Protein chains: 2
Amino acid sequence: MTALDALAAHIREAIPLTRHLQFALLAHRPGELLLGAPLAPNINDKGTFFAGSQAALLTLGGWALTTLEGEACVERVDVVAAESSLHYVAPLYAEARVQVHATPDDLAAFARRLQRRGRARLAVTAELLGPADDVAARFSAYYLARDLSASHESVD
Amino acid sequence: MTALDALAAHIREAIPLTRHLQFALLAHRPGELLLGAPLAPNINDKGTFFAGSQAALLTLGGWALTTLEGEACVERVDVVAAESSLHYVAPLYAEARVQVHATPDDLAAFARRLQRRGRARLAVTAELLGPADDVAARFSAYYLARDLSASHESVD
């Protein structure tokens, strides 16, 4: 089982609402995570992708990328969402793909700080896309990671 | 059946994800809507209220208040989310209550514009609260409403 499959299984097991999003973690490389989710379980009264499902999926995507990046530099990490903003660009009448990003500079600072201080913040951005790469929503957020595997002198 | 019960039934019927939030619309008066949701279906890996569930519940709450306010001034209204921002203040280890607000001035301008132009934007704010009125998250958003029951000369 890959790290991505293991994380998806953990999410579905520990966070019941995510099962109903029917999300998939599709691909990960440093600073980038791709997720997908079908329309049917996330449809709204207008036949488009429910704004609340978009918000949940984007929030989950940023959390998953921060977790994967944290696990790449410390053994056990705990991640929580701190802030987010979301701009709904256009209605989506199909399944969604979510592309989550963190910049190389932000990732390097995040890894350094998490290893030294035991806590670090990561800024992520994401787009929720339709089948023709049409942007349905833009998202930006901060997540806080904490190293659970070691003690650190200062946590600030 | 009250307008609030009818709206809750419509939401659950038309937006499948909302059934899994197990939300309730508890009370409405002009400019204020109160929602609730239990912890169990919205729990995360840390035993707290999942950030994605919070985001979905807050997004739904703002949509529901805008819909109720729109229905108070035109016969048939269609509401979509436009923008939102969310600040996670503290973890929540219990069921959530969500208080959604719009100011009297904003509501009056919204009603006037919706009736005259057939389209209007409403700014809402919301807090997600724990059992002791402890704030777990603060939310602000804009929603766009469209009057489906009449034709209007200008929509801008």
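1. By the expected span of a helix is meant 1.5 Å times one less than its number of residues. In this predicted model, helix H4 of chain B, residues 104-117, has 14 residues and covers 20 Å from its first C-alpha to its last, which is close to the 20 Å expected. Directly after H4(B) comes Gly118(B), and the phi of Gly118(B) is positive, near 85 degrees.

2. Which residues of H4(B) are buried? They are Leu107(B), Phe110(B) and Leu114(B). These residues lie on the same side of H4(B), because the arc they cover around the axis is only 60 degrees. The other side of H4(B) carries the exposed residues Pro104(B), Asp105(B), Ala108(B) and Arg112(B).

3. The packing of this helix can be traced within chain B. The buried residues of H4(B) pack against helix H3 (51-71), strand E5 (119-129) and strand E6 (135-147) of chain B. As for its orientation, H4(B) lies across E5 and E6 of chain B and runs at about 145 degrees to E5(B).

4. The sheet involves both chains. It is an open sheet of 12 strands with antiparallel pairing, in the order E1(A)-E2(A)-E4(A)-E5(A)-E6(A)-E3(A)-E3(B)-E6(B)-E5(B)-E4(B)-E2(B)-E1(B). Its edge strands are E1 (24-29) of chain A and E1 (24-29) of chain B, each of which pairs on one side only. From one strand to the next, the twist averages 20 degrees.

5. Where the two chains meet in the sheet, E3 of chain A (residues 77-88) and E3(B) pair in the antiparallel sense over 5 bridges. Ser85(A) stands opposite Ser85(B) in E3(B), while the bridge partner of His87(A) in that strand is Glu83(B).

6. Turning to the contact between the chains as a whole, 28 residues from chain B and 28 residues from chain A take part. On the side of chain B that touches chain A, the elements giving two or more residues are helix H2 (16-21), H3 and strand E3 (77-88) of chain B. Of these, E3(B) gives the most, with 9 residues. By residue class, this side of chain B divides into 17 nonpolar, 9 polar and 2 charged residues.

7. Within chain A, E3(A) and E6(A), the latter spanning residues 135-147, run antiparallel and are joined by 11 bridges; Tyr88(A) stands opposite Ala137(A) in E6(A). Strand E5 of chain A (residues 119-129) and E6(A) also run antiparallel, joined by 11 bridges, and here Ala126(A) stands opposite Phe139(A) in E6(A). The hairpin of E5(A) and E6(A) has 5 residues between the strands, and in this hairpin Asp133(A) takes a positive phi near 60 degrees.

8. Helix H3 of chain B also deserves a remark. H3(B) lies across E3 of chain A together with E1, E2 (32-37), E3, E4 (96-101), E5 and E6 of chain B, and it runs at about 140 degrees to E3(B). Ala51(B) is found in this helix and counts as buried, because it has 30 C-beta neighbours inside 10 Å, where 20 or more are required. Leaving aside neighbours within four places in sequence, Ala51(B) is in contact with Thr59(A), Trp63(A) and Ala81(A) of chain A, and with Tyr88(B) of chain B. The C-alpha atoms of Ala51(B) and Pro91(B) are separated by 9.0 Å, although the two residues are 40 residues apart along the chain.

9. Is Leu7(B) buried or partly exposed? Leu7(B) counts as partly exposed, because it has 18 C-beta neighbours inside 10 Å, and a buried residue would need 20 or more. Leu7(B) is found in helix H1 of chain B, residues 3-14. Not counting residues up to four places away in sequence, Leu7(B) touches Leu25(B), Ala64(B), Thr67(B) and Leu68(B). Leu7(B) and Leu148(B), which are 141 residues apart in sequence, are 17 Å apart in space, taken from C-alpha to C-alpha.

Notes: Residues numbered from 1 in each chain as written. Chains lettered and ligands numbered in written order. Predicted model: local features only at pLDDT ≥ 70, side-chain atom pairs only at ≥ 80, totals over all residues. Helix = DSSP H or I, 4+ residues; strand = E, 2+ residues; numbered from the N terminus. Buried ≥ 20, exposed ≤ 12 C-beta atoms within 10 Å, placed from the backbone. Arc of directions from axis to C-beta. Contact = placed C-beta atoms within 7 Å. Nonpolar A, V, L, I, M, F, W, Y, C, P; charged D, E, K, R; others polar. Pairing = 2+ DSSP bridges. Axes fitted to C-alpha atoms, helices over the stretch in contact; angles between N-to-C directions.
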